[in-house]
Amino acid sequence: MAEHSVAPPGGLFANGPFGEPVEQYRKRVAALLREAFDPEVAREAERTGLFPRERLVPLAGAGLFRERWEQRPYGDPGMGVIIAEESGRLAQAGLSVGLSLHCETVSSILVRYGDTPLLRDYLNGMLAGRLVGCLGASEPTGGSDLNGVRTVARRTGTGWHVAGEKKYLSLGAVCDFALVLARLDEGTGAVAGRLGLFAVPAGGLTPRKRHTKAGTSALDTTWMAIDAEVPDQALVGRTGLGLVAAVWGLNHERLSIAAQTVGGAATAIGLATAHLHTREQFGVPLIEHQALRLRLAELASRLTVLRYAVYAAAQGVPVAGACDTRDLAAVKVTAARFAEEVMSECMHLFGGAGYLEDETPLSRMWRDSRLARLGGGSDEMMWELVAKGLVPDHVGYAESVDLG
């Protein structure tokens, strides 16, 4: 039987991101995730290269997904970041990213824009753990350029014919449906080139290639050909607003990525700290060497700042003007780059053992961390979003700058 949420009225962070309700929820989530994604499950997922979708069922049965999205359209962002942070602590990025794609990216889109019976059925199936969805945006020729989408949706007598390719369909090998971004074939004029987002069943997806990635082996990522007839009810949101719907999901994904890096970095720093206390060199524990402990202290200090930023972003998401796409992009890119640095430095603190996969998890964690700088948008795309929001201080410039 599912446990009831301990969140206070107004959401988990209603009284701030700390305190007893938050800690109770954190402990509950951590226990559920440790049981669902135990080490044997993680090893098998790494071996097969497939996300263990069946492990979503007990999480759904405990109410994790429905609680997260009970209040529309934002759900409870505080719950979202705690789920992501605790999944990051497992140090299995393939599993935590897969969970995030299910719980945040796709679910958020369907909660906000899934206003047809078909899409509501998909959402209910996901919240129950019976169905798995994924998001198909990037293409072989486009990458992060979502305006360059070449997959096409053409009207038919009963709905739409969606055809094209998606290069990086994570969860594609285990999904029941994919939300596919497609260019609408509407002729010329003002409507030409608009984008739509369509729920395409797995039967309309044909694998072209299963990617072998540098890391996150537990998260299957597939190059898919798409050829499907879908009904009008498969259109997500209004005609032509597909990019808006996709960005809504990507924003939730970006905040989740940042929260995952908080958990993953905390685990890496904790392991490195234990190693410095345990390992002796030159007759004393490594922690007695100032250069090593101060390097670790600097990483821990920056992690504190990042954690507070993630929590503040979660509080700001439902507040108009408090945390927008540019803010989430800034948090995500900063977190992603920090995570890669943390994993590299903590691996280094283990010395040669850090490079040995059979002795420590640090080398795998280091490889896995690289995905955060690409998934949900590359560093450069995130910085472009931030750059578009830069505001010049012309008044201050005129008052304080004199170039002669």
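This is a predicted model: local features need pLDDT of at least 70, side-chain atom pairs count only at pLDDT 80 or more; totals for chains, interfaces and linings use all residues.

Q: Okay, what does the secondary structure come to?
A: The protein has 13 helices and nine strands.

Q: And how does the radius of gyration agree with that of a compact globule?
A: It agrees: for 404 residues a compact globule would come out near 22 Å, and the protein has 22 Å. Along the principal axes, the C-alpha trace spans about 80 × 70 × 45 Å.

Q: How much of it is buried?
A: Buried residues make up 51% of the 404 residues. As for the accessible surface, that is about 18300 Å², with 54% of it belonging to carbon and sulfur atoms.

Q: Let's talk rings. How many aromatic pairs are there?
A: The structure holds eight aromatic pairs. Take Phe13 and Tyr311: their ring centres are 5.6 Å apart and the planes are at 70°, so this pair is edge-to-face.

Q: Where do those two lie?
A: Phe13 is in the segment before helix 1 (20-36), while Tyr311 is in helix 9 (residues 290-316), so the pair ties together parts 298 residues apart in sequence. Both Phe13 and Tyr311 are buried.

Q: Which residues do ring pairs link into a cluster?
A: Phe13, Phe18, Tyr308 and Tyr311 are linked that way.

Q: What about charges over rings?
A: The charged end of Arg208 sits over the ring of Trp223, 4.7 Å from its centre. Likewise, Arg112 has its charged end over the ring of Trp248, 5.7 Å from the centre.

Q: Trp248, hmm. What touches that one?
A: Ser108 does: leaving out residues up to four places away in sequence, Ser108 touches Trp69, Trp248, Gly249 and His252. You'll find Ser108 in helix 6 (residues 93-113). With 0% relative accessibility, Ser108 counts as buried.

Q: Switching topic: which residues of helix 2 are buried?
A: In helix 2 (residues 39-48), those are Val41, Ala42 and Ala45. Looking down the axis of helix 2, they fall within an arc of 100°, so they line one face of the helix.

Q: Why would residues a few places apart point the same way?
A: An α-helix has 3.6 residues a turn, so residues three or four places apart point the same way.

Q: What do the buried residues of helix 2 pack against?
A: They pack against helix 1 and helix 6. On the face of helix 2 turned away from that buried side are the exposed residues Pro39, Arg43 and Arg47.

Q: Now Met126. Is that one buried or exposed?
A: Buried: Met126 has a relative accessible area of 0%. Its place is in helix 7 (residues 117-127). Apart from residues up to four places away in sequence, Met126 touches Phe65, His102, Val106, Ser107, Leu110, Leu131, Gly133 and Phe177.

Q: And what about Thr222, where is that found?
A: Thr222 is in strand 7 (residues 221-231), and at 0% relative accessibility it counts as buried. Setting aside neighbours within four places in sequence, the contacts of Thr222 include Lys166, Tyr168, Pro207 and His211.

Q: What about positive phi values?
A: Leu171 has phi near 75°, a positive value in a residue other than glycine. Leu171 is in the loop between strand 3 and strand 4 (177-184). Phe282 also has a positive phi, near 55°, and is found in the loop between strand 8 (280-281) and strand 9 (284-285).

Q: Are those two buried or exposed?
A: Leu171 counts as buried, at 0% relative accessibility. Phe282, on the other hand, is exposed, with a relative accessible area of 78%.

Technical notes. Residues are numbered from 1 along each chain as its sequence is written. Side-chain values use heavy atoms; hydrogens and water are left out. Rings of Phe, Tyr and Trp (its six-membered ring) pair if their centres lie within 6.5 Å; planes under 30 degrees apart count as stacked, over 60 as edge-to-face and the rest as tilted. Helices (H or I, at least four residues) and strands (E, at least two) are DSSP runs, numbered from the N terminus. Buried means under 20% relative accessible area, exposed over 50%, partly exposed in between (1.4 Å probe, protein chains only). A charge sits over a ring if NZ of Lys or CZ of Arg is within 6 Å of the ring centre and within 35 degrees of the ring normal. Contact means heavy atoms within 4.5 Å. The radius of gyration is taken over C-alpha atoms; the globule rule is 2.2 Å times the number of residues to the power 0.38. Accessible areas come from the Shrake-Rupley method with a 1.4 Å probe; for residues, only the protein chains shown count as cover. The arc is that of the directions from the helix axis to the C-beta atoms.
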